[in-house]
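Please examine the sequence and the model below before reading on.

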Amino acid sequence: VLLDSEEVNDTHPAVNVDNLGGACLAMEHLLQMGHRRIGYIGATDRRLTNLKRLAGYTQSLERAHIAIDPAWVVNPEAEDDIQRGRIGLEHCLQAGVSAIFCYNDQIAISVLNCCYRKGISVPQQLSVVGFDDVRPASYVNPPLTTVRQPLQEMGKTAMEMVLDLIDKKPVQNKMLDCKLVARESVA
């Protein structure tokens, strides 16, 4: 049983997260808060997941009738998410965005740290949203608004599928919903 796998594989059952829907939750929150120039910092090392989250970003702006400026989107070639955050922030600042939706929390936390060093006040001058809801997301300053993946439910569902497979019962792929966790990094 695959968990949130990047592989497109019809031979193994899988439990996945609705990455597109989760990205839409993040974007709808930013749009409800009045943001119209929203950047996206992606991750090239998780291509399929990145494409789904970018699709949620794009669809949300299109539904809000906001023309997407290609300068708002960056998928930095970098060794790690900390570098992606630094590179992506510079790119987004040059594009004049008021908010950034990051592929994951590590990129978002890097953005928060870079903003602190640059004297950019979050969320007063720039709003930031992540994805995953890793434990440090609630401890950074300001606490990070993010999209929570249902990790316990994923594990439980996968285990139930494994047990069904052992018992030779049929199993179907599962897609689990995400939840927006609104904290203090968005104004």
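In which sense do strand β2 and β8 pair, and over how many bridges? The model is a predicted one, and in it β2 (residues 14-17) pairs with β8 in the parallel sense over 3 bridges. Within this pairing, Val-15 has Lys-174 of β8 as its bridge partner. The two strands belong to an open sheet of 3 strands, arranged in the order β1-β2-β8 with parallel pairing. Because β1 (2-3) and β8 each have a single partner strand, they stand at the edges of the sheet, and one side of each is left without a neighbour there.

A further set of pairings involves strand β3 (residues 38-41). On one side, β3 pairs in the parallel sense with strand β5 (residues 99-102) over 4 bridges. Tyr-40 has Phe-101 as its bridge partner in β5. Strand β4 (residues 73-74) is likewise joined to β3, by 2 bridges, and these strands run parallel. In β4, the residue opposite Tyr-40 is Val-73. Between β3 and β4 the chain passes through helix α2 (residues 47-63), and this β-α-β crossover is right-handed.

Are the faces of β3 covered or open? Both faces are covered: Ile-38 and Tyr-40 are buried on one side, and Gly-39 and Ile-41 are buried on the other.

The cysteines may be considered next. A disulfide is a covalent bond between the sulfur atoms of two cysteines. With a cut-off of 2.5 Å between sulfur atoms, the count comes to 0 disulfides. Cys-102 is in no disulfide, as the nearest cysteine sulfur, that of Cys-92, is 7.6 Å away. Cys-102 counts as buried because its relative accessibility is 0%, the limit for this class being under 20%. Cys-114 is also in no disulfide, and the nearest cysteine sulfur to it, that of Cys-115, is 7.2 Å away. With a relative accessible area of 7%, Cys-114 is buried.

Most residues other than glycine have a negative phi, and most peptide bonds are trans. Another runs from Asn-141 to Pro-142, with omega near -5 degrees. Pro-142 lies in the loop between β6 and β7 (146-148). The loop between β6 and β7 also holds Asp-132, which has a positive phi of about 130 degrees although it is not a glycine. A positive phi is found at Lys-168 too, with a value near 60 degrees. Lys-168 is placed in the loop between α5 and β8 (174-176), and it is exposed, with a relative accessible area of 75%.

Which residues make a nonpolar patch of about 300 Å²? The patch is made by Met-159, Leu-163 and Ile-166. Of these, Ile-166 is found in helix α5 (residues 151-166). Ile-166 is exposed because its relative accessible area of 57% lies over the 50% limit.

Technical notes: Residues numbered from 1 in each chain as written. Predicted model: local features only at pLDDT ≥ 70, side-chain atom pairs only at ≥ 80, totals over all residues. Heavy atoms only, no water. Patch = residues over 30% accessible without salt bridge, like charges linked within 9 Å, V, L, I, M, F, W, Y side chains within 5 Å. Areas by Shrake-Rupley, 256 points an atom, 1.4 Å probe, with all protein chains shown as cover. Salt bridge = Lys/Arg side-chain N within 4 Å of Asp/Glu carboxyl O. Buried < 20%, exposed > 50% of the residue type's maximum accessible area, 1.4 Å probe, protein only. Pairing = 2+ DSSP bridges. Right-handed = clockwise from strand over helix to strand, strands pointing away.
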